[in-house]
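Okay, thanks for coming, everyone. Let me put the structure up and then walk you through a few parts of it.

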Amino acid sequence: MTRLFALLLALLSLTLPARADDISATSRSVVRVVTVAMVDGEVVGFGHGSGIAISPTRIVTNAHVVESAARYPDNVALGVVPSEGQKSYAAKLIAIDTKRDLALIEITEGRVPAAAIYSGPFESGADVVALGYPGNVDAATAQGAGDYITPRTPVRSEGNLSNTQGVDGVAMLVHTAKIARGNSGGPLLDQCGRIVGINNAMTRADDGDSPFSFAIANRELTRFLTDASQSFGSIGTPCLSLAEADARDRAALDADARAKAEANAAKNEAAALDRQLRETRADEEAQASRENRMALAGVLFVIGALSAGAALMFHGQKNVRNARIAGAAGGVLVLAAAILFATRPDAHGELPSDPKAADGAAAPAALAEGNLLCTIRPDRSRITMSETPDVPVAIGTSGCVNGRTQYAQGSDGRWQRILVPNEEATVTIASIDGAGTDYRVDRYFLDAETMAKAREVRAGVEIKGCSVAPDQLAALATQQDAIRSVLPASPNERLVYSCQKLAKGAVVNPAP
């Protein structure tokens, strides 16, 4: 109870949540790349540019930013200054391509959130954003050399893509986002924060000329990384706002509902036709049985009448014994005929029960139980950074997912869990509906300050494994409400999966 009270106090003391912004999310991946030239232990030269992480430890920048380190590895040190935190890190050169003006460096300690490369079509006129550390801004704001190795938020500049042009055989994006010396190696982004190019040059605005900027196209970047055997995240889905994604999700749900209604209508029509055929067959069988019964009654009546006539004949011949036998037989046959006629079936048959209908009537389940395989629905999702492989989910009726994570049921009926990792700067809300058909993952890419608040709230209540104890479930619900209060109003990503139940005995490796 004391821990729950402390959690409530922490919730009351928190500030308002930040606003979700895809460009700000990617700015966590932008770094300043520093070169320091040393001779006999003294600094004789200093240079800097920008870069962006494409893995937690690997940074892409321009070749011309680190060229001195490639030429004089014994005298030029490389450093990386992240956009967040308190530390800068030493780095080493991994690969360089002077023709494409690209280089790959690696930090020897620390981690930086990785950005994704956009691999889809990108048309002229599209909005673009440049992130980096322009030297003219540094000159205006830096108080000393120490400011160049102090983490700070990169400068943002917005513009439009003009076109793609070849420069010395390298595909370049011409755009209007303003950059300056120091932006070299920094990313050019789409509105969802995916990398579409690496800034490397600008035109001079002499004699009233309009300035333009150049960025190495994403296809050149992916070729460079592939040649360097470097893995990277790649997203090809178009950039949609969350409102657009939600509208598309509703449209997809409506289409699913219409398809289901049409399938049910077709099923009902087939069932009605089947019932009609069975009714017709039952009527025909009843009519045949009725006619057969009446025909048999008629035959028995005729034979009985003939027997009665024979009895009269035997009586006239004074043959008492045969008269009695014939009379008795005739009476029995006439009585049997009367009974058969009276008990003849109705002309309309009784419809037999449908075993399929009986089998199909099943009680609705409160929560799916068993192994599920969930597949991404791109038409219902907003995908900005993450890969989307199939997700195996093992779920029990108590809300225990994958045998180790307790989910709590919300007011909307969905079972959910908010995951706050210790190292990754991402909060994930995973939820599943009671039927086990709709699995959702909302991801928030947070700055260091907001992430620290979320971790502080999570630490207030520690629930290990699965539990259905009322006090622990209540504490979990309170904790999740507190974490939600520090999150932005909308996630950066919303991944929607459709789930199918696997056959009994199927073995899956559940996601964490």
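Let's start with one cysteine: Cys400 is buried, with a relative accessible area of 16%. Buried here means under 20% relative accessible area, exposed means over 50%, and partly exposed is in between, with a 1.4 Å probe and only protein chains considered. Before I go on, a word on where this comes from: it's a predicted model, where local features need pLDDT of at least 70 and side-chain atom pairs count only at pLDDT 80 or more, while totals for chains, interfaces and linings use all residues. Residues are numbered from 1 along each chain as its sequence is written, and side-chain values use heavy atoms, with hydrogens and water left out.

So who is the partner of Cys400? That's Cys466, and the two form a disulfide with their sulfur atoms 2.1 Å apart. The cut-off for calling a disulfide is a pair of cysteine sulfur atoms within 2.5 Å. Cys466 is partly exposed, at a relative accessible area of 31%. The torsion about the S-S bond of Cys400 and Cys466 is about 75°, so this disulfide is right-handed. Cys400 lies in strand S17 (residues 400–401), and Cys466 sits in the loop between helix H9 (448–458) and helix H10 (470–486), so the pair ties together parts that are 66 residues apart in sequence. When I say helix or strand, I mean DSSP runs numbered from the N terminus: H or I with at least four residues for helices, E with at least two for strands.

How many disulfides does the structure hold? Three. Counting the bonded cysteines along the chain, the pattern is 1-2, 3-6, 4-5.

Next up is Cys192 with Cys239, again a disulfide, with the sulfur atoms 2.1 Å apart. The link of Cys192 and Cys239 is right-handed, with 90° about the S-S bond. This pair links distant parts of the chain, 47 residues apart: Cys192 is in the loop between strand S11 (187–189) and strand S12 (195–202), and Cys239 is in the loop between strand S14 (233–235) and H6. Cys192 counts as buried at 2% relative accessibility, whereas Cys239 is partly exposed at 31%.

Then there's the disulfide that joins Cys374 to Cys499, S to S 2.1 Å. It is right-handed, with 105° about the S-S bond. Strands pair if DSSP finds at least two bridges between them. S15 (residues 370–376) and S23 run antiparallel and are joined by five bridges, with Thr375 standing opposite Ser498 in S23. S22 also pairs with S23 in the antiparallel sense, over six bridges, and there Tyr439 stands opposite Tyr497.

That brings me to the aromatic rings. Rings of Phe, Tyr and Trp (its six-membered ring) pair if their centres lie within 6.5 Å; planes under 30 degrees apart count as stacked, over 60 as edge-to-face and the rest as tilted. By that rule, we get two aromatic pairs. In one, the rings of Tyr118 and Phe122 have their centres 6.2 Å apart and their planes at 70°, so that pair is edge-to-face. Tyr118 is buried at 5% relative accessible area, while Phe122 counts as partly exposed at 25%. In the other, Tyr439 and Tyr497 have ring centres 5.8 Å apart and planes at 50°, so the pair is tilted. Tyr439 lies in strand S22 (residues 438–445) and Tyr497 in strand S23 (residues 493–501), so this pair ties together parts that are 58 residues apart in sequence. Tyr439 and Tyr497 are both buried.

Now, what about helix H7? H7 covers residues 320–342, and at 1.5 Å a residue its 23 residues should span 33 Å; the end C-alpha atoms are 33 Å apart, which agrees. That expected span is 1.5 Å times one less than the number of residues. Which residues of H7 are buried? Ala323, Ala326, Gly330, Ala337 and Leu340 are. The buried residues of H7 pack against helix H6 (242–316).

And to zoom out: the protein has 10 helices and 23 strands, and 41% of its 512 residues count as buried.

Note on methods
Contact means heavy atoms within 4.5 Å.
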